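These are my notebook entries on one structure. I set down what I looked up, entry by entry.

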There are 2 protein chains.
Amino acid sequence: MSRPSPRTDLAHEALKQAILEQALEPGTKLPEDEIGAHFGMSRTLVRAVLAKLQAEGLVDARPKRTATVAQPTLAEAREVFEVRRALEIEIVRLVIKRWKPAFGAELEGMLREEEAARRRGEPKVAGRLAGEFHIRLAQLTGNRLIARYMEELVTRCSLILAVFGQPHGADAGHDEHSELVAALRAGDADAAIAIMDHHMGVVEKRALAEETPAESAALGDVLARYAGAIGARDAAVPLVAAQKRGRAK
Amino acid sequence: MSRPSPRTDLAHEALKQAILEQALEPGTKLPEDEIGAHFGMSRTLVRAVLAKLQAEGLVDARPKRTATVAQPTLAEAREVFEVRRALEIEIVRLVIKRWKPAFGAELEGMLREEEAARRRGEPKVAGRLAGEFHIRLAQLTGNRLIARYMEELVTRCSLILAVFGQPHGADAGHDEHSELVAALRAGDADAAIAIMDHHMGVVEKRALAEETPAESAALGDVLARYAGAIGARDAAVPLVAAQKRGRAK
DNA sequence: GGCTGAAATCTTGTATGCATGAATGGTCGC
DNA sequence: GCGACCATTCATGCATACAAGATTTCAGCC
């Protein structure tokens, strides 16, 4: 197939980041032509990229319809968390089983970075690093397949958090990461599993237990910001306007 | 994307079956042209099919190289089983949690079919049905994602069994399926988990604890069957000859 | 006789074109 | 003034063409 063509990978990463940071809102249309023009590649390659993103759950694509940024449903979100929790627990077991002291150092290094980003007031960066912590943990099992699955799950969770979660929801229970590493170091499987299980519960609750739907919140924001400037709206926020149309459909 | 074009799906299913039944040996080249000609479709669609098969782990594809039927390594095989075991156990938990009496009837129906096939002396069919039992079980969790993962895992296990396993390895521990359903019906999570865990151990052992590498066994078969007809070999078994070349690389 | 190297051949990587099916905007009727 | 219908526009499904990179073959040489 078309593994690591630089252009293709670039487009894939760019779209992924844009989706996760909600620079592209859920429901935004992703026409092949336009993307191709932007990245300087033909629709053939764009299609491959979109297919991959669809497989990762970041893009919704139905036949004969323009692909859109995925809008995870609450049900899907729960499913993702359910699988993730199970796999995370297994990962903890496996990492302890194959533990090496160097792991502890590396993980703690990651935690320090994350903490630094948080203190710097960059919650998005901190959230991304938190995700990478979990992915790295999965890689430490030495099981490539489980790592691949976890990568997909963490990515989807990020989108879910962005869609459903409260602002700064990614901060949830980041202390537990430290506790987890301590338990791993100590080789205390039961404790580590309990921490991970609880951690997943916290993250899921923050992600899904929302009172205000993200949608209406965003709408409210927009209206508040543009109230009184009705005439200028189209010019001021063309992207958002386009997105609303795409989403409504 | 290109979801359910009938031709595409047909080709995908056909290749999948051919690979799992080892009508196409691991290492066999899969040139886009040839496949396209066979199924009456262009390389564009073949590419999509091959990409999907690659994602499922049934096809190896490196850039600029002809795709081949996957040759799982022992290490990969272990990884697959490791993930599968963890997920299967979680599936048992979830199915019990969401149990409905109708589930029992359906699962027992599947077991009867499987048993019938076995008695009819069709181990391949029985093996396929055994796989479908596990997939169905995953679907009964109501979690689509976990079902998708399990589908991939069962498929890959089938290939692994075909490559590494002894003949009839798929028969392994099929009684345990009945015991499992009984435990599920009874709502006995601990028992069901224990049975599933043990079952996975049995299947894995049968699949991987092989004394004779499948490769040399196959070679032996061929030689035995064609001994003395050296000159005629290329004509008699062109496919196999081609495969050997492809595999050696 | 086996090995090195280059031509010939086979395949894939990618772009593009045409046909077909959706989405949109405008108009007509109520 | 509002809603349904139709033409236009747009975007995708798929095939094909061409360029570039592998692979194989064959010849010449050590």
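Is Gln22(B) buried, partly exposed or exposed? I find Gln22(B) partly exposed, with a relative accessible area of 30%; buried means under 20%, exposed over 50%, and partly exposed in between, with a 1.4 Å probe and protein chains only.

Entry on conventions. The model is predicted, and local features need pLDDT of at least 70, side-chain atom pairs count only at pLDDT 80 or more, and totals for chains, interfaces and linings use all residues. Residues are numbered from 1 along each chain as its sequence is written, chains are lettered from A and ligands numbered from 1 in the order in which they are written, and side-chain values use heavy atoms, with hydrogens and water left out.

Entry on backbone angles. I note that most residues other than glycine have a negative phi. Gln22(B), not a glycine, has a positive phi of about 60 degrees and sits in the loop between α1 and α2 (32-39) of chain B. Helices (H or I, at least four residues) and strands (E, at least two) are DSSP runs, numbered from the N terminus. Lys64(A), likewise not a glycine, has a positive phi of about 65 degrees. I located Lys64(A) in the loop between β1 (59-60) and β2 (68-69) of chain A, and its 86% relative accessibility makes it exposed.

Entry on His12(B). This residue belongs to helix α1 (residues 6-20) of chain B and is buried, at 5% relative accessibility. Leaving out residues up to four places away in sequence, His12(B) touches Val49(B), Lys52(B), Leu53(B) and Glu56(B); contact means heavy atoms within 4.5 Å.

Entry on α4(A). Of its 24 residues, 17 are buried, so the helix is largely enclosed by the rest of the structure.

Entry on the interface. I counted 30 residues of chain B in contact with 30 residues of chain A. The rule finds four salt bridges across the interface of chain B and chain A, each a side-chain nitrogen of Lys or Arg within 4 Å of a carboxyl oxygen of Asp or Glu. Glu82(A) forms a salt bridge with Arg98(B), with the closest N and O atoms 2.4 Å apart. On the side of chain B that touches chain A, α3 (43-55), α4 (74-97) and α7 (144-164) of chain B each supply at least two residues. The largest share of that side, eight residues, comes from α7(B).
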